[in-house]
Amino acid sequence: MKKTLFMLVAFLCTMFAANAAAPKVEGDLKCLKGQEAVATKFTYNNMTVGKMTEQAYVDKKVSEYNEKKAGRGDEWFAMWESDKEKVYPVTFSELFEKHSKIKTNNLEAQKYTLEVNTDFFEPGFNIGIVRQDAYVSVTVKVYETAAPDKVLAKVTILKAPGRTFSGNDYAISDRVGEAYAKAGKELAKVVAKAIK
């Protein structure tokens, strides 16, 4: 029985992974050949969260949390904004670097910049007995840092899934961080293929 259950779970995980995050590439990523590092920029322009605009989602959550306990919604919002700066770029970059062998560096100017815009954000949920995985869809623009209006390549990754292997991803940042890691890995694959 245990063996059958394990095989079923493994099959479903394989199917899930195979159907997720198929990148669409426009332009030419060969410009990154020979680059040891790139600059990265993370944006959230016109991002939707589930079926809502980000602003509508944030307003709703802040209001709900503040109704339950004064100040809790404000704390939630501070964490929401912090995660966009300190968690998601890190998890994305870690797997991008690992699988592309190109370093990301926000501190020093590099010849090329990867601008990662989050188009869609599904935070999912995990309440122990019931869960829904997180997803993100991103559009990555590649351009010379000195000429940001001249996009050399664009990669679209739809619904990169996020969940931890252990299932202990009760915090939004844990689930969504894994989705960004998956998106970084998918981007790295197409970059590595283009520059080999």
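At what angle do helix H2 and H3 pack, and how far apart are their axes?

Modeller: First, the ground rules. This is a predicted model: local features need pLDDT of at least 70, side-chain atom pairs count only at pLDDT 80 or more, and totals for chains, interfaces and linings use all residues. Numbering starts from 1 along each chain as its sequence is written, and side-chain values rest on heavy atoms, without hydrogens or water.

The protein has 5 helices and 10 strands (DSSP runs numbered from the N terminus: helices are H or I, at least four residues; strands are E, at least two). H2 covers residues 54-68. Its packing angle with H3 is about 140 degrees, and the two axes lie 6 Å apart (lines fitted to C-alpha atoms over the stretch in contact; angles run from 0 to 180 degrees between N-to-C directions).

Now the residues that make this contact (heavy atoms within 4.5 Å). H2 supplies Glu54, Tyr57, Val58, Lys61, Val62, Tyr65, Asn66 and Lys68. H3 supplies Arg72, Gly73, Asp74, Trp76, Phe77, Trp80, Glu81 and Lys84. The class count for H2 with H3 is 7 nonpolar, 2 polar and 7 charged residues (nonpolar: Ala, Val, Leu, Ile, Met, Phe, Trp, Tyr, Cys, Pro; charged: Asp, Glu, Lys, Arg; polar: the others, Gly among them).

Start with the aromatic side chains. Rings of Phe, Tyr and Trp (its six-membered ring) pair if their centres lie within 6.5 Å; planes under 30 degrees apart are stacked, over 60 edge-to-face, the rest tilted. That rule gives 8 aromatic pairs. In one of them, Trp80 and Phe121 have ring centres 5.0 Å apart and planes at 55 degrees, so the pair is tilted. Trp80 sits in H3 (residues 72-86) and Phe121 in strand E6 (residues 112-122), so this pair links parts of the chain 41 residues apart. Trp80 and Phe121 are both buried (buried is under 20% relative accessible area, exposed over 50%, partly exposed in between; 1.4 Å probe, protein chains only).

Another pair is Tyr88 with Tyr180. Their ring centres are 4.8 Å apart and their planes meet at 15 degrees, so the pair is stacked. Tyr88 belongs to helix H4 (residues 88-100) and Tyr180 to helix H5 (residues 172-195), so parts 92 residues apart in sequence are tied together. Tyr88 and Tyr180 are both buried. Ring pairs join Tyr57, Tyr65, Trp76, Trp80, Tyr88, Phe121 and Tyr180 into a cluster.

The charged end of Lys84 sits over the ring of Tyr44, 4.9 Å from the centre (the rule: NZ of Lys or CZ of Arg within 6 Å of the ring centre and within 35 degrees of the ring normal). Lys159 likewise lies over the face of Tyr135, 5.7 Å from the ring centre.

Thr48 touches both Glu54 and Phe121. Thr48 is in strand E3 (residues 48-49). Its relative accessible area is 30%, so Thr48 is partly exposed. Thr48 and Phe120 are 72 residues apart in sequence, yet their C-alpha atoms are 5.0 Å apart.

Then the chain end. Lys196 lies in the segment after H5. Lys196 is exposed, at 77% relative accessibility. Its C-alpha atom is 9.6 Å from that of Gly34, 162 residues away along the chain.

Last, the whole protein. Of its 196 residues, 43% are buried. Among contacts with a separation of 6 or more, 69% join residues 24 or more positions apart.

Methods: Lists of a residue's contacts leave out its neighbours within four places in sequence.
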